[in-house]
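Student: I am new to this structure and would like a guided tour. Please take the topics one at a time.

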Amino acid sequence: WVSIAYVMLAQALSGIAKDLTKMSSKSYVKLVVPAGDARGLMRWVSVLTGSKNALKGAGFFLGGLMLATVGFRGACAAMAALLVLALLVSSILLPSAGGRTKRVSLRALWSDDARIRWLSAARLFLFGARDVWFVLAVPVFLAADLGWSFARVGGFLALWVIGYGMVQAAAPAWVSGRSGEPPTAGRLVGWTWALVLPMGAILFALRAGAPPGPTLVAGLAVFGLVFAANSAVHSFLIVRYSDHDRVSLNVGFYYMANAAGRLLGTVLSGAVFQAAGEGRAGLEACLATSIGMVVLSAVLGAGVRRAERLELA
């Protein structure tokens, strides 16, 4: 129990550090891109988000490699050394802060912009929908039921996340309109509903008795393409909707919802997987739960679209 508590605390601190980095980096993009350059903003937000996820995928691969070669303690020591190196390099090379937010109350963290509130709620269920089957049910099923080795599971997930990040980085070329204009909330709703198709196809194929291995690999590839487009549009809209003087607060509020969604999805992933009997039944139950959460995200996305139209009226 002491080990579990320690790992949970370490994970919590790691998650806080990661979200602080994401919040500040995306907020800074808003400050350096010229006002009114929506295409440039979309391009840089996509590159930033996509490269971050591609590197995260590389981290999955290196983590699996280190566990297989130097073990858990050696992997932790290597990561600690790399963090110290990153701290030193960033302290020397990063520019000073582009601006400082005045001290604010907790009440000020709640965004007054209806578009941001709706978008944050949609983000909560979108990422909850991903993690409810992807974080626990998929890797456990691949290892326990299909007999995949640890290295094979880690390598597959690493390649998926790298590909996901690459698609995100290239998102401006194919999520924008024909005129090249950046996406609006209406396009966000369409991409969210589109997620139901690959997930529903995987669920239908599994229940029809299709081979689970090829079904998951092919289904996850399509799911990754659609989800990457969704995430890219989300990331662009939150930065675009934010004013320069509140961009850090708004992005922080948004990622608070993102973190809540990931927590909800992770907890539900384990609870639903076990309650359904684990194995194929557990995976199918997690997929069905995920589809329900995607529908909720799409409904909330319609609220973003209404708020956006009122703002433009």
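**A pocket, a core and some charged pairs**

Student: Which helices each supply at least two residues of the lining of the second largest pocket?
Tutor: They are α1 (2-32) and α12 (247-275). Helices are DSSP runs of H or I with at least four residues, numbered from the N terminus. A pocket is an open set of points on a 1 Å grid over the protein atoms alone, where a 1.4 Å probe fits and protein lies on both sides within 12 Å along at least five of seven lines; lining residues have an atom within 4 Å of a point.

Student: And what kind of model is this?
Tutor: It is a predicted model in which local features need pLDDT of at least 70 and side-chain atom pairs count only at pLDDT 80 or more, while totals for chains, interfaces and linings use all residues. Residues are numbered from 1 along each chain as its sequence is written, and side-chain values use heavy atoms, leaving out hydrogens and water.

Student: Back to the pocket: which helix gives the most to its lining?
Tutor: Helix α12 does, with seven residues. The lining has 12 residues, and L20, M23, G252, F253 and M256 lie nearest the centre of the pocket.

Student: How do the lining residues divide into nonpolar, polar and charged?
Tutor: Nine are nonpolar, two are polar and one is charged. In this scheme Asp, Glu, Lys and Arg count as charged, Ala, Val, Leu, Ile, Met, Phe, Trp, Tyr, Cys and Pro as nonpolar, and the others, Gly among them, as polar.

Student: New topic. Which members of the largest nonpolar core touch the most other members?
Tutor: Among its 64 residues, these are L119, W133, L220 and F223. Helix α11 (residues 212-241) contributes the largest share of this core, 14 residues. Such a core is a set of buried Ala, Val, Leu, Ile, Met, Phe, Trp, Tyr and Cys residues joined through side-chain atoms within 4.5 Å.

Student: What does W133 touch?
Tutor: Leaving aside residues up to four places away in sequence, W133 touches V138, M199, I202, L216, L220, F223, S269, C286, L287 and S290. Contact means heavy atoms within 4.5 Å.

Student: Is S290 buried or exposed?
Tutor: S290 is buried, with a relative accessible area of 0%. Buried means under 20% relative accessible area, exposed over 50%, and partly exposed in between, using a 1.4 Å probe and protein chains only. S290 sits in helix α13 (residues 279-312). With residues up to four places away again not counted, S290 touches A129, R130, V132, W133 and M199.

Student: Now charges: how many salt bridges are there?
Tutor: The count is four, where a salt bridge is a side-chain nitrogen of Lys or Arg within 4 Å of a carboxyl oxygen of Asp or Glu. One of them joins D113 and R115, at 2.7 Å from N to O. D113 is buried at 18% relative accessibility, and R115 is buried at 12%.

Student: Which residue does R262 pair with?
Tutor: R262 forms a salt bridge with D131, and their closest N and O atoms are 2.7 Å apart. The pair links distant parts of the chain, because R262 is in helix α12 and D131 is in helix α5 (residues 114-134), 131 residues apart. R262 is partly exposed at 25%, whereas D131 is buried at 1%.

Student: And what does R207 meet?
Tutor: Its side chain meets that of E284 in a salt bridge (3.7 Å, N to O). R207 lies in helix α10 (residues 196-207) and E284 in helix α13, so this pair ties together parts 77 residues apart in sequence. R207 is exposed at 57%, but E284 is buried at 11%.
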